[in-house]
Amino acid sequence: MDYDTYLAGVRDTELWAVAWAGDEIAGLATAERTGSRSADSPWVAVRPAYRRQGLALALVTRSLAAMREHGVTYAAIRTVAENPHRTVALYERAGYEVGRRMPRYRKPLTAVSA
């Protein structure tokens with residue numbers, strides 16, 4: 001699916017921040033309203049070639065600014081604490097605070113014989 005086709009099915013794109021490198025998306029931070037004054041950021045991503053250059057922080061910061069410009073007063077974002085890209089630290093640098101931690105459960109499964 002190309003970018004224009006994808007955009008046709010989404011909402012709140014004015015809250016997004018997208019960085020382009022030529023015809024390629026280098027990174028993005030999406031957000032959508034969850035109420036009249038609140039928004040959630042379900043997706044922050046930077047392609048490997050553009051990581052470790054401050055792009056993710058710039059995208060999150062720009063997306064938060066767009067939220068403020070559109071009347072959002074509460075922004076939420078979720079991540080996995082064990083993320084190797086240190087997303088908790090990234091989001092804290094952008095001004096987010098940890099609101100709650102949710103447990104993650106794991107169970108190794110053994111092979112089932114047929």
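**View 1. Val-60 and the residues it touches.** Setting aside neighbours within four places in sequence, Val-60 is in contact with Ala-29, Val-44, Tyr-91, Ala-94 and Tyr-96, where contact means heavy atoms within 4.5 Å. Please keep in mind that this is a predicted model, in which local features need pLDDT of at least 70 and side-chain atom pairs count only at pLDDT 80 or more, while totals for chains, interfaces and linings use all residues. Residues are numbered from 1 along each chain as its sequence is written, and side-chain values use heavy atoms, with hydrogens and water left out.

**View 2. The largest nonpolar core.** Which residues make up the largest nonpolar core? There are 11 in all: Leu-15, Ala-31, Ala-39, Val-60, Leu-64, Met-67, Val-72, Ile-77, Leu-90, Tyr-91 and Tyr-96. A nonpolar core here is a set of buried Ala, Val, Leu, Ile, Met, Phe, Trp, Tyr and Cys residues joined through side-chain atoms within 4.5 Å. Buried stands for under 20% relative accessible area, exposed for over 50%, and partly exposed for values in between (1.4 Å probe, protein chains only). H2 gives the most, with 3 residues. A second, separate core has 7 residues, including Ala-19, Ala-26, Ala-29 and Leu-59.

**View 3. Gly-27 in strand E2.** Here we look at Gly-27, which sits in strand E2 (residues 24-33). Is this glycine, Gly-27, buried or exposed? Gly-27 counts as buried because its relative accessibility is 2%. Leaving aside neighbours within four places in sequence, Gly-27 is in contact with Ala-17, Val-18, Ala-19, Ala-45, Val-46, Leu-55 and Leu-59.

**View 4. Two arginines with positive phi.** Arg-52 lies in the loop between strand E3 (38-46) and H2. Its phi is near 65°, a positive value in a residue other than glycine. With 80% relative accessibility, Arg-52 counts as exposed. Arg-86 belongs to the loop between strand E4 (74-77) and H3. Arg-86 is not a glycine, yet it has a positive phi of about 55°. Arg-86 is exposed too, its relative accessible area being 54%.

**View 5. Glu-69 in helix H2.** Glu-69 is part of helix H2 and counts as exposed at 54% relative accessibility. From C-alpha to C-alpha, Glu-69 and Ala-94 are 17 Å apart in space, and 25 residues apart in sequence.

**View 6. The chain as a setting for the close-ups.** The protein chain has 3 helices and 4 strands, taken as DSSP runs numbered from the N terminus (helices H or I, at least four residues; strands E, at least two). Their order from the N terminus is α-β-β-β-α-β-α. The radius of gyration is 17 Å, well over the 13 Å that the globule rule gives for 114 residues, so the chain is more spread out than a compact globule. That radius is taken over C-alpha atoms, and the rule is 2.2 Å times the number of residues to the power 0.38. Along its principal axes, the C-alpha trace spans about 55 × 35 × 30 Å. Buried residues make up 27% of the 114 residues.
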